[in-house]
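Subject: Structure for your review

Dear colleague,

Please find below the structure that I am handing over to you. I would be grateful if you could read the notes after it with the structure open.

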Amino acid sequence: RLWVLMETEKVTLFGCVILVLFCNAKHAVLASQAKPNVLMLVIDDLGWNDFGYKGSDIPTPTIDKLAGEGIRLQQYYVNRICSPTRAALMSGRYAYNMGLAHTVITNGRAFGLPLNQTTIANELKRGGYATHSVGKWDLGMHKWEYTPTYRGFDSFYGFYDAVEDYFTHKVGLVPIFNSSAGDGIKEPLIFKGLDFRNNTKPVKDEDGTYSTNLFSGVIEDIISNHNVDKGPFFIYAAYQSLHAPLEAPQQYINECLDIPYEKRRKFCGMLRAMDEGIGNITRQLKERSLLDDTIIILTTDNGGQTKQGSNNLPLRGNKGTVFEGGVRGTAFVWGAKLPKLNYDNNQLIHATDWLPTIVEGIAGLELDKDKWALDGYNVWPTITSDSETPRKEVLLNLDPPIPLWAYIGQAAIRVGDWKLVTGQPNCSMAPVYEGDPCPDGWIHLNGSVELPPFTPSLTWLFNITADPYERNNIADKYPDVVKQLKERIEVYNATHIKQLAPPIDLRSDPALFDDVWTPWLH
């Protein structure tokens, strides 16, 4: 091109030298601004009081070091259950806008993250990122098009369902009851099969191997084999831990024998295995001289499930509720080259913010926000410099009062200091507390529940800044604030679409696919 310019435009040799020097200088600037790698760790059912740096009884030295050196997000919110959070995180949209706010996306159900939505992986691939998904997917598997390697990921190693056995990697579901048994007794018809894949191929030779160790090892291999000359990587590492069932190799449980409560002790073993794995991953990054060029993000998907050994104190509530223990998420960001480190960030942030934050803020790519109708914001300046968040409110839940198998009729919003909760407070089908799988009181390590007083109006108003543990319902004192926040919820409700919760499709039976959970629709 220079030769053509010289011949046709009579450019001087001096001018060409200047042009070449300018191009070299520009290339040097671009090289110095290379996009960082991104490692996103999603921890399942992590409670507010489970990491060591939070004052937990469980030692987590690797995680504590990263959090201690990083930016701890103290006003960060997620959804009350897993699938809605993962859908929001991956797409940048509120789950209710996609019909996914109501329930969990399990195997056998014909729905998932809509195909007309983008994903973090899709957007980063435009910027030259290698994209990898490891662990739990939980965003649909009825058609191949809903699975990770069709949603922007170059590779996938993990499982599709929301929960499975940590060692056998099998999922058992109860689609219907068999009424053919004598005397009117109904027996469950159980669909059971393997749910473990390397890309799209079933993995059948890891029976007996603990999934946390498998996932950590795969992430290490991805890092070890990454070709830095082809660009950065994005690893979406969605651990199965710390979700039920409570399973861990005995060697890790033995590290927790001083914990007096059996479920908490097993939970501790699970967390110890994961902390060890994350330590191995960061060590591999360092050995490959990639650690300083990697942003590490850690987030939970919802609050802790206290009936399975987790703990959310001093926050109120549990996984499945819209009180702070269910939706205030543990999260932090680590990066050796970040301008401001080791501090608590108290700006309002939501799971929907990760897509624009990672794509625009970290990777420096442009997003077509009108096309994707994002609910999230690029909060990278907020995180890295503690500047004011562009987010003024968070819709925490909007769920129609349809009495299905679980969560019904909950709505919640936070605007500034104020938080409004309306509707069903817990997971039961009536406003009762005893024996509820997700109590809305304050749950102690021994499992005892400090119950709040019954609220007949099913309306709660809190000043979260002044009352972060939600002990003082001031709805009667500030009726105007209640009215204003209900009006904000109605603004969202005006565009509310039907929330999906289809039954298990009998055509999905793994017995029809060599005992492997497999996409069954085309």
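The notes below cover the disulfide and the cavity.

This is a predicted model, in which local features need pLDDT of at least 70 and side-chain atom pairs count only at pLDDT 80 or more, while totals for chains, interfaces and linings use all residues. Residues are numbered from 1 along each chain as its sequence is written, and side-chain values use heavy atoms, with hydrogens and water left out.

A disulfide is a pair of cysteine sulfur atoms within 2.5 Å, and the count by this rule is one. The sulfur atoms of Cys 256 and Cys 268 lie 2.0 Å apart. The torsion about their S-S bond is about -75°, so the disulfide is left-handed. Cys 256 sits in the loop between α7 (250-253) and α8 (262-287), whereas Cys 268 belongs to helix α8. Helices (H or I, at least four residues) and strands (E, at least two) are DSSP runs, numbered from the N terminus. Both Cys 256 and Cys 268 are buried, that is, under 20% relative accessible area with a 1.4 Å probe, protein chains only.

On a 1 Å grid over the protein atoms alone, a cavity is a set of points where a 1.4 Å probe fits but cannot get out, and lining residues have an atom within 4 Å of a point. One cavity of 30 Å³ or more was found. The largest cavity has a volume of about 50 Å³, a volume being the space filled by probe spheres set on the points. Its lining includes Asn 79, Tyr 94 and His 350. Strand β15 (residues 393-398) gives the largest share of this lining, four residues.

Yours sincerely

Definitions and conventions: Buried means under 20% relative accessible area, exposed over 50%, partly exposed in between (1.4 Å probe, protein chains only). On a 1 Å grid over the protein atoms alone, a cavity is a set of points where a 1.4 Å probe fits but cannot get out, and a pocket is an open set with protein on both sides within 12 Å along at least five of seven lines; lining residues have an atom within 4 Å of a point.
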